[in-house]
Amino acid sequence: MMPSVTRSMNLLLLNFLIFTACLQSGEGQFVITNTTSGPVMGVKTPLPPLTDQLVTRYTAIPYAEPPTGERRFAKPVPKAPWDDVLNATVYGPSCPQPGLNMADMDEDCLLLNVYVPHDAVASFGPLPVMIFIHGGGFTSGQSMTYDGTILALHGQVVVVNINYRLGLFGFLSTGDDSAPGNYGLWDQRLAIQWVKDNIANFGGNPDQITIFGVSAGGWSVTYHMISPLNDRTLFQRVIAESGVVFPNLVIPATVAQFQAFSVGSILGCNPPAVSTSRELISCLRGMSMETLLTQTYTVQTSAIIDGEFLPTDINTLLAHPRVGQYDLIMGFNDQDGSVFLSQVNKNYTKEELRADIQYFLLSCQCENSQEITDAVFAYYFGGHDLEDPDENVLRYLDVTGDQFFKVPSINFLTRHAESAANTSTYFYQFTYETGKEYLLPPEWSGLISGAPHGLDVFYVFGSISAFYPNDLDAAILSNRTMDYWTQFARYGNPNGAGLPALPEWPEFGTENGSYLILDPDLKTGHRFKPNKVAFWNDYIPTITEPASYKKTCTYEVPVRRGTSLKSDNMTVQVTSKGGEVLGSVVGALRMADKAMGGLEIAEFLGIPYAKPPLGELRFKPPEDKGKWGDEPLRIPEKLPPACPQDVTRDPWMVRLGFNQTSEDCLTLNIYAPTQDPNDPALPVLVFIHGGDAKYGTSSVYDATLLASRVKAVVVVMNYRLGALGFLSTENEAAPGNYGLHDILASLKWVNKYIGSFGGDPERVTVQGYGSGAVLAHTLTLSETAKGLFNRAVLMSATAIFPPVDNAVLPSVSERAKTLASKLGCPTETSDMMVSCLRDKPAADLVSITISAPFGLAFPIVVDGDLITDKPLELLKAGLINDVDILVGLAQDGFAGVAFAFTGLDCPSTAEVQKYIETVSTLSFTNADKTAFALVTEYIGKGGLDDDCQTRGSFRQFINDYLSYWSTLEAARLHADAGHSVYFYSFDLKPPAHHYKGPLPPQVGPTFADDLQFLFGDPYSLLVDELQLSYRLEDKRFTLELMAFLKMFTYNGAPGPSLSGVEWPAFDSANLTYMSLTDCPQALSGNDNNWQHLLRFWASYLPSITAPAPTPPEPTSCPPEPEPCTVTLGGLRLPLSEASTVIAALIGTTVGVGVLAIIFLGVCVANKAKANGAEKRKSWMMPGVDLTHIETTHDDDPIF
């Protein structure tokens, strides 16, 4: 809230303090009362000179632990019990806020005060309870200012007022799990719960609780009304005075995060020490209270949609019937706009009026506040010359009062009346102005008539008589107001039992709009300012353009509660479909997080599906292991080992500290929802991990949450990698594709035995990521896999992923010879070479394998068995198994590769041209012609919203080459063959790139960013174990992704999103796809120029790429006086330094051998630079066709 609100409220508080100072003095009788926390001692005392009646006052009772250290910027923790009697006779400190002496405030401020009328409890038994929440714009205020003595005595109720955290301490948010915000609201809720649990010991009725508040306290009580955490068991009635929740009162998570990092930057929490939200909060927790207070007005202190207290947008929460479960009084003062008076001056011009109104209209969270300001001026001030400064001030108060108080209140009242079920709705306007001079600056007191913001509080708490002891009208109005308030607390009806001289307050209805005017005459009215209400509700929305960060999806996101390991286990006898018993296996049982389905999942780890591929079985297809024997497979002490690899290269293994490898690795892990034997069998989802076919393991993909949310049996497998999985001599000695054979063997095992785990072998979906998707897709083109699965999910790669078939690289048999030579094996014959390699330690084969530039070290080969032709040819020929396909990519999937070339600087056009030349030389035959075509196609166009056009052009080229064209072409060929195809683009930028490591801020959603959501990380135990932070949109995206996957697994179609958006089938004409974010949208690739992209890459470029010539033997850089260097990010670096820079830029896993690109391509690049003129000359030779440039119609031929 703006500082002006706080200053106005502080003036009110100051005057209240003058009045309540006398309460600290005076004699009384001590009273000890027990609470669930421990005994407390209050004091029984009168309140001279206003009354001689006795009230028992308990002050500074702690309801929470001090919110310091790790508890700062976190939910409050209930106060631990104490043994000794707590002295509750002196008020405690205020929560930290500007304007108070340091001695008067402390972070240990979560305290409450209780006022009990002495005689009423004895006479009438348990009394109604009224809990007051103070205002102050969420930046100032303290409970002790609002003494409840008079109200408690007058209405014979128990009054409680509370402290709660304010400013940064109460509402700072990073927009994610690190500091979700709303701590002040959580404080209030814990205080209400404390009252619920303890107030009976004080003489209060725990089932008759009214919460009431003024200004920000009014916001607060209405936040509590709309929160799904609360219901009538916690409180039953609400009174909101001059404050109400409305949609634009909360701040977006993106804004909150920006503010938090801005505060951190000002206070020295900067990179490199602080780069994540968790590091930021850790730094701010180390700051002193005094330091943080200096930044109170740096941020807008507001509530936030945190996914728990406020789980979704305000409009959705307001529309829920839960709003109507409480009785409600709501109203405002006729001059509530006075809270913003600090914005104006005595010579207030029309230009200042316009500027100030437009400033406040920024709360619309829209793109066109100027247009809305024009509309406001035309409606409110049309026909006025706006030359009178005093009148301009009143006009300003009129607009701001309507915008922030009156219209939102009427909207809330209307919604409440519509949803009220056996509850009541009452509306008031407070207009009496006696006391206004205590709240208005002297220069405005004479001009402004009516009740300024906060004046009604003097009347509600009965303190007005202390300031105006001889004003009978003020006293009468105060008494009547207290009567209405306390009768409402007692009966849910302010008219109560019909007290004498208490005029009837009509109930508010949507038709009559009845309200009470609180002044000494107590008049009634109907339909308050209907035209102005219609202007704000009906007209303004029609011209408002929502800000780009505002979301349209409106459903609540469940809160992470945790997954638990059960004490008992489950044993399954594994039996084939034909009744053959394989053996038995013991699995651990887990209860999945309720948000992820809450199912009991049996976890079976390390199930062998083939013999260990050792000795003579190395470089051969896997063999059946046979029966396991009589002893069951026990729960392994450690996660099953990975197949041999460099474990430091897989980020998911690194983050879990997983480093176990073994050639005895052909195992699978099964995650099965437990079921009654008579329940229908569940679909089966088989996941194939990625990692360039060199890295990865099933053991780091815990599928507990996936199995629970999708309600399917999930299988995650190991398969052989690198040379052990794919080395080929291109003859019978070592035909290759052993890793692919492993996957096929595991699928056959699943088909045969998955019924023992509750899975349906007739409903199997294969899901692969990266190189896992390449392998999965390849099996859809293999006769040997026909019938083993009927659906495939291909994430971020397909069988025609360009590096799978890089024509300029040596043949796979030549690569095998190179590896053998480095290991000292003979290469004269294939048999001799393979025999020698079988004797070499697996670690040696792993360490000597080097990634090929823009290619796989050992790719899938056409072996005449599993694969009868190149995948692209099989697709074109329609030789495809009958499999439904869901396929897609990450929007900026290969950003790491692009930034390895460009660095963080903005490269020149000439530099980008050289980068493209290098890629062309390493990827295509006829590299000169290809490079010219690519330079012509991409340079100057930008891309991916990069603010550097040249870098954006190169990033777009890399992504189109390595991701877009091949994925789209595969989808098109499947669709044209008559198969069901669904396409997606992963477009949600995550909070961190957990797979690729640190990347430049310009990088969008990139390769493997979606893996964390696929396996439910935002709801997993890893959030705590690895200190991860997720935003509300990340949790929503997790739910969306799993919902789509569930529908596809069950039905072969992903169906509608949780927000109701239907996922259209992909077809060649429209290239329709789903943009996957937390708020999915169905779009057409034609709007992205994908038709042109396909024509260029799938039709034009192959026409100028001749068959690959026999490649020369690879050579290293020749010795030269000048060292071989790389130009990277504007720097010329030796190769060793360049690799270090690249690793820092794109993380430990660089994908597609980026380091190898630099190592093997650098000499080519330098040569290309030196011979640039010759290349350009060759480009102009006959036969180079450049007519691929876009034509008028999408279906026109390229040339």
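Me: Accessible areas come from the Shrake-Rupley method with a 1.4 Å probe, and for residues only the protein chains shown count as cover. What is the accessible surface of the protein?

Reply: About 43500 Å², with 52% belonging to carbon and sulfur atoms. This is a predicted model: local features need pLDDT of at least 70, side-chain atom pairs count only at pLDDT 80 or more, and totals for chains, interfaces and linings use all residues. Residues are numbered from 1 along each chain as its sequence is written, and side-chain values use heavy atoms, without hydrogens or water.

Me: How much of the protein counts as buried?

Reply: Of its 1199 residues, 61%. Buried means under 20% relative accessible area (exposed is over 50%, partly exposed in between; 1.4 Å probe, protein chains only).

Me: Helix 11 (residues 350-361) and helix 13 (residues 389-419) pack with their axes 10 Å apart. What makes helix 11 roughly parallel to helix 13?

Reply: Their angle is about 10°. Under 35 degrees counts as roughly parallel (over 145 roughly antiparallel, 65 to 115 roughly perpendicular, the rest oblique), so helix 11 is roughly parallel to helix 13.

Me: Which residues of helix 11 make the contact?

Reply: Lys350, Leu353, Asp356, Ile357, Phe360 and Leu361. On helix 13, the partners include Tyr396, Val399 and Phe404. Contact means heavy atoms within 4.5 Å.

Me: How do you know how confident the predictor is?

Reply: By pLDDT, its confidence in each residue, from 0 to 100. The protein averages 88, and 88% of the residues score at least 70. Over residues 1-26 the pLDDT is below 50. Over residues 1115-1199 pLDDT stays under 50.

Methods: Axes are lines fitted to C-alpha atoms, for helices over the stretch in contact, and angles run from 0 to 180 degrees between N-to-C directions. Helices (H or I, at least four residues) and strands (E, at least two) are DSSP runs, numbered from the N terminus.
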